Every structure is written in structure tokens, then in C-alpha cells.
Protein chains: 2
Amino acid sequence: MVTSKQLQKAHSCAAGFVLAINDTLNVITGKWKLPIIGSLIYGKKRFKELEREIPKITPRMLSKELKDLEMNGIVKRTVYDTTPVTVEYEVTEAGRSLKSVLDKMVEWGLAHRKQVMGKK
Amino acid sequence: MVTSKQLQKAHSCAAGFVLAINDTLNVITGKWKLPIIGSLIYGKKRFKELEREIPKITPRMLSKELKDLEMNGIVKRTVYDTTPVTVEYEVTEAGRSLKSVLDKMVEWGLAHRKQVMGKK
DNA sequence: GTAACTACTATACTATAGTATAGTGGTATA
DNA sequence: TATACCACTATACTATAGTATAGTAGTTAC
């Protein structure tokens with residue numbers, strides 16, 4: 001038998017899970033987050049290199065998404081005092097730790113793609 | 001040394017990963033998807049029960065998100081030929097298989113919440 | 001007959017996400 | 001001096017996601 005206290009506990013627990021999941025989702029949702037992470041996984045890159053490597057991205061979106069990723073500790077931005085300035089982006093340890101999450105998502109996505117109807 | 005062929009392979013591979021990850025993301029993104037799944041995990045529910053259980057959701061959004069989830073094979077809708085009709089929603093096996101993905105996301109979210117700045 | 005319940009749908013709106021296009025300030029090269 | 005590269009920013013727009021509010025068709029209870 002399920003008591004109302006148990007249900008309450010289950011619900012507040014589920015709510016906490018939802019918060020934690022949303023923290024994770026906020027980090028990787030955004031049309032260009034995964035392509036950027038994917039591109040930086042192979043090594044440090046400069047702004048223009050990313051712009052050239054990621055087809056169709058605009059500098060505005062690249063800048064915005066990099067800022068989000070930096071704010072969330074996924075990417076580190078380093079400015080070198082050269083002339084002209086060089087700016088390099090690289091994934092952090094926290095960024096690399098996303099791999100286990102992404103791996104699970106790849107796994108599930110591949111296994112269930114047939115059933116999944118993309119939002120056309 | 002990294003050849004251009006290897007890079008090409010790595011890139012097309014990464015692109016495939018991005019597609020698979022997006023398939024997974026499409027299933028769980030949407031403001032009310034997780035609360036709905038979370039609510040149904042504890043057992044079948046009727047439309048009105050979900051509406052009462054999920055604070056602030058409107059029938060329009062509940063209906064839309066349930067349709068998305070049904071389309072993606074996460075939730076099953078059953079109509080019982082009673083008078084008046086009874087409609088029940090439940091998570092499918094595919095829905096339950098999301099658990100391993102969600103668990104990883106909870107884990108990462110909890111571990112990195114400090115660094116993550118919610119989009120205020 | 002009227003009030004209330006179920007399972008929604010319709011219409012109109014606001015807010016957020018993403019795009020298109022142009023421009024800035026500094027530097028280097030021809 | 002004129003052109004081009006780097007690392008962006010500004011402005012204005014479109015598209016998608018989500019909200020607010022009301023209403024529908026069928027049924028049951030008073």
C-alpha cells in the first residue's frame with residue numbers, strides 16, 4: 001500500500017530529479033551547442049576556425065553559444081596578448097565529463113530512432 | 001599525425017552522433033515532458049489526473065505534449081469504451097528505457113549544478 | 001433544466017530562440 | 001592608401017515554444 005507521505009516523498013524527489021535533468025539539458029540545448037562541443041573535442045580552436053568548421057553558423061550565434069558554454073563551465077576562453085589578439089576556445093574537464101551523458105544519449109537515440117518521429 | 005581522411009571520418013562520425021543525440025533530445029525537451037513522464041512513471045493516469053497533478057499546466061499544453069510523447073513511442077494512449085469515455089496514458093517500454101539516460105543526466109546535473117548558471 | 005465532470009480543441013496572444021545583414025576597431029599586407 | 005583578416009557586436013527581423021482564456025460534445029447527478 002502506498003501512503004500519501006510516500007507519494008509526497010516520491011514527488012519531491014522526482015521534482016529534484018527534474019531540476020537536475022534541466023540543469024543538464026540547459027547546457028546542451030541550443031541548436032549549435034553540440035556542433036561546437038563536437039568541434040572543440042578535437043582540440044583548441046579559434047573563433048574564426050570554429051566559424052569556418054561549423055557550416056551555416058553565424059558569428060552572432062557562435063558568439064552567443066560560446067558565451068553560454070563558457071558561463072556553464074563547459075568551454076574555456078583564453079585571450080593571448082599577441083598582435084592582433086588571438087582567442088582560443090577549449091573544452092574543460094566538466095565539458096569532457098559530459099561525454100558519459102552524451103554517450104548514453106547516442107546509445108538511446110540509435111536504438112530508438114525508428115520509433116522517433118522527428119518534429120518535421 | 002592526423003590525416004585529412006581521418007579528420008573527415010571523425011567529422012562524419014561526430015555528425016552521426018549529433019543526429020542520434022538530437023533524436024534523444026527531441027523526445028525530452030519541452031517544458032512539460034519530464035513532469036509528465038515523472039507523473040506517469042508511478043502508473044497509468046487519466047488526462048484530468050495529470051492536469052491536476054502537474055501544477056500550472058494548461059490542457060492545451062498537456063494535450064500537445066502527450067501527443068508528442070505518443071508519437072515518439074514514449075507514452076501509450078488507451079481509450080476505454082465506457083460512458084463517458086475513459087482515456088488512460090501510460091509509459092511504454094521505450095519510455096522506461098529512457099531511465100538510463102535520465103539517470104546519467106541527474107548524475108551530471110547534481111555534480112555540476114554549482115558551475116551551471118541557469119539561463120536566468 | 002441546470003450544474004458539473006471528462007477529454008479535449010480553438011483562437012489569440014507573448015516570449016524565447018534563431019536568422020540575416022551590416023558594421024566596428026584593431027592590425028597586417030600589397 | 002586600399003584591401004583584407006580577426007573577433008566579435010548591433011539592429012532588425014522571422015519562427016518556434018509556451019500562455020491565457022474560452023468553448024465543445026457527451027454524460028451524469030440533482
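Author: Contact here means heavy atoms within 4.5 Å, and with that cut-off in hand we can read how the two chains of this predicted model meet.

Reader: How many residues of chain B are in contact with chain A, and through which surface do the copies meet?

Author: On the side of chain B there are 41 residues in contact, and they face 41 residues of chain A. Because 100% of the interface residues of chain B are also interface residues in chain A, the copies meet through the same surface.

Reader: What rotation superposes chain B on chain A?

Author: Chain B is brought onto chain A by a rotation of 180 degrees, with 0.0 Å of shift along its axis and an RMSD of 0.0 Å. That is the relation of a two-fold axis.

Reader: How much area do chain B and chain A bury between them, and how many salt bridges are counted there?

Author: The two chains bury about 3,900 Å² between them, and 71% of that area lies on carbon and sulfur atoms. The count of salt bridges between chain B and chain A is 0, while the rule for polar contacts finds 8 residue pairs across the interface, both residues of each pair being at pLDDT 80 or more.

Reader: Which elements give two or more residues to the side of chain B that touches chain A?

Author: Those elements are α1 (4–28), α5 (93–97) and α6 (99–112) of chain B, and the largest share, 16 residues, comes from α1(B). By residue class, the side of chain B that touches chain A divides into 24 nonpolar, 12 polar and 5 charged residues.

Reader: How many salt bridges does a search of the whole structure find?

Author: Side chains of opposite charge can pair when their charged atoms come close. Over all chains the search finds 20 salt bridges. One of the pairs to inspect is A:Lys33 with A:Glu65, where the closest N and O atoms are 3.2 Å apart. This pair links distant parts of the chain, since A:Lys33 belongs to helix α2 (residues 33–40) of chain A and A:Glu65 to helix α4 (residues 59–71) of chain A, 32 residues apart.

Reader: In what order do the strands of the sheet in chain A stand?

Author: Strands of a sheet pair through backbone hydrogen bonds, either parallel or antiparallel. In chain A, 3 strands form an open sheet in the order β1-β3-β2, with antiparallel pairing. Strands β1 (45–46) and β2 (75–80) of chain A stand at the edges, each with a single partner strand, so one side of each is left without a neighbour in the sheet. Between β2(A) and strand β3 (residues 86–91) of chain A the antiparallel pairing runs over 6 bridges, and A:Val79 stands opposite A:Val87 in β3(A).

Reader: Which strands pair over 6 bridges in chain B, and what joins them?

Author: Strand β2 (residues 75–80) of chain B pairs in the antiparallel sense with strand β3 (residues 86–91) of chain B over 6 bridges. Within that pair, B:Val75 stands opposite B:Val91 in β3(B), and a hairpin through 5 residues joins β2(B) to β3(B).

Reader: Where do the backbone angles call for a careful look?

Author: Most residues other than glycine have a negative phi, and most peptide bonds are trans. The peptide bond from A:Thr83 to A:Pro84 is cis, with omega near -5 degrees, and A:Pro84 sits in the loop between β2 and β3 of chain A. In chain B, a cis peptide bond joins B:Thr83 and B:Pro84, with omega about -5 degrees, and B:Pro84 lies in the loop between β2 and β3 of chain B. A:Lys56, although not a glycine, has a positive phi of about 75 degrees; this residue lies in the loop between α3 (47–53) and α4 of chain A.

Definitions and conventions:
Residues are numbered from 1 along each chain as its sequence is written. Chains are lettered from A and ligands numbered from 1 in the order in which they are written. This is a predicted model: local features need pLDDT of at least 70, side-chain atom pairs count only at pLDDT 80 or more; totals for chains, interfaces and linings use all residues. Side-chain values use heavy atoms; hydrogens and water are left out. Two strands pair if DSSP finds at least two bridges between them. Helices (H or I, at least four residues) and strands (E, at least two) are DSSP runs, numbered from the N terminus. Buried area is the accessible area (1.4 Å probe) that two parts lose on being put together, summed over both. A salt bridge is a side-chain nitrogen of Lys or Arg within 4 Å of a carboxyl oxygen of Asp or Glu. A polar contact is a pair of N or O atoms within 3.5 Å; within protein, one must be able to donate a hydrogen and the other to accept it, and residues adjacent in sequence count only if both atoms are side-chain atoms. Ala, Val, Leu, Ile, Met, Phe, Trp, Tyr, Cys and Pro count as nonpolar, Asp, Glu, Lys and Arg as charged, and the others, Gly among them, as polar. Copies are superposed by least squares on the C-alpha atoms of residues with pLDDT of at least 70 in both.
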